[in-house]
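Please look over the sequence and the model first, then read the notes by topic.

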Amino acid sequence: AVKAARALSGGRLSRASVLYPDAWAKILAVELESSVTEDQAGTEMLLWKLKKLLPQSTGDLALLHQAMPALDGENRVLVAATPRATLDAIERSFEELGVRIGYLAPSSLALFEGLAPTLASAAAGDYALLHRTPRELSFLIGRGDQPIFFRQRPPEEDEDHDREARLSLSY
């Protein structure tokens with residue numbers, strides 16, 4: 001796909017944004033005692049919390065995070081933890097063809113980030129974003145430019161997305 005895009009651009013394609021399936025990351029809301037800073041200390045705090053919440057996760061993780069409104073005095077952060085090896089492989093495959101990645105994120109989080117300003121200005125209050133693919137369903141509720149709820153599920157073999165969407169909307 002990258003080779004074809006470079007060919008269509010006459011070889012001018014040198015930078016790209018890449019979105020990957022939500023299922024490649026573990027995306028969850030994390031409650032913290034204090035707010036997360038945007039520096040290495042904030043990342044270390046999130047990694048420590050994730051190791052407690054997800055003991056089965058091993059290896060180096062790359063994190064994307066966004067603050068969520070506080071509930072009951074708890075600081076909340078929506079975190080996407082992706083194996084570093086996965087992101088490195090994506091970046092390497094593009095770099096081998098001379099394309100530098102500027103933005104790399106799970107698809108639902110990128111959609112939310114891009115659509116939140118428009119949805120927030122059009123909504124009289126909270127709004128929902130339902131991202132549905134053949135392999136997964138992600139549901140976000142937003143307030144302003146912040147997510148307040150996130151749910152992601154692959155459909156079970158005997159389950160369809162319509163039923164899962166109705167269940168998500170019942171939250």
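Two strands count as paired if DSSP finds at least two bridges between them. On that basis β2 and strand β4 (residues 74-83) are paired, running antiparallel over 7 bridges. The model is a predicted one.

**Overall layout**

- Read from the N terminus, the elements follow the pattern α-β-β-α-β-β-α-β-α-β-β-β-α.
- Along the principal axes, the C-alpha atoms of the protein fill a box of roughly 55 × 40 × 40 Å.
- The protein has 171 residues, and 37% of them are buried.
- Among contacts in the protein with a separation of 6 or more, 55% are between residues 24 or more positions apart.

**The sheet of β2, β4 and β3**

- This is an open sheet of 3 strands in the order β2-β4-β3, and the pairing is antiparallel.
- Its edge strands are β2 (26-32) and β3 (61-71), each of which pairs on one side only.
- From one strand to the next, the twist averages 25 degrees.
- A hairpin is formed by β3 and β4, with 2 residues between them. In its turn, Asp72 has a positive phi of about 50 degrees.
- How much of β4 is buried? The count is 7 of its 10 residues, so β4 is largely enclosed by the rest of the structure.

**Helices against the sheet**

- Helix α2 (residues 40-53) lies across β2, β3 and β4, and runs at about 105 degrees to β2.
- Helix α3 (residues 84-95) also packs on the sheet, where it touches β3 and β4. The direction of α3 makes about 55 degrees with that of β4.

**Nonpolar cores**

- The largest nonpolar core has 23 residues. Those that touch the most other members are Ile27, Leu78, Ile90, Phe94, Leu104, Leu109 and Leu140.
- Two or more residues of this core come from each of β1 (15-20), β3, β4, α3, β5 (100-106), α4 (107-122) and β6 (127-132).
- A second, separate core has 13 residues, including Leu28, Leu47, Leu61 and Val77.
- Setting aside residues up to four places away in sequence, Phe94 touches Val2, Ala16, Val18, Val99 and Ile101.

**Val2 in helix α1**

- Val2 lies in helix α1 (residues 2-8).
- Is Val2 buried or exposed? Its relative accessibility is 15%, and a residue is buried under 20%, so Val2 counts as buried.
- Apart from neighbours within four places in sequence, Val2 is in contact with Phe94, Leu97 and Val99.
- Val2 and Val99 are 97 residues apart along the chain, and their C-alpha atoms are separated by 8.3 Å.

**Helix α4**

- The 16 residues of α4 reach 22 Å from the first C-alpha to the last, close to the 22 Å expected at 1.5 Å a residue.
- Where does α4 bend? The bend is at Leu115 and amounts to about 50 degrees, with a proline, Pro117, following within four residues.
- Buried residues in α4 are Ser107, Ser108, Leu109, Ala110, Phe112 and Ala116.
- In an α-helix there are 3.6 residues a turn, so residues three or four places apart point the same way.

**Asp60 in a loop**

- Asp60 is found in the loop between α2 and β3.
- With a relative accessible area of 54%, and with exposed meaning over 50%, Asp60 is exposed.
- Not counting residues up to four places away in sequence, Asp60 touches Thr82, Pro83 and Arg84.
- The C-alpha atoms of Asp60 and Ala81 are 9.5 Å apart in space, while the two residues are 21 residues apart in sequence.

Key
Residues numbered from 1 in each chain as written. Predicted model: local features only at pLDDT ≥ 70, side-chain atom pairs only at ≥ 80, totals over all residues. Heavy atoms only, no water. Axes fitted to C-alpha atoms, helices over the stretch in contact; angles between N-to-C directions. Contact = heavy atoms within 4.5 Å. Buried < 20%, exposed > 50% of the residue type's maximum accessible area, 1.4 Å probe, protein only. Core = buried A, V, L, I, M, F, W, Y, C linked by side-chain atoms within 4.5 Å. Expected span 1.5 Å × (residues − 1). Bend = angle between axes of the 7 residues up to and from the residue.
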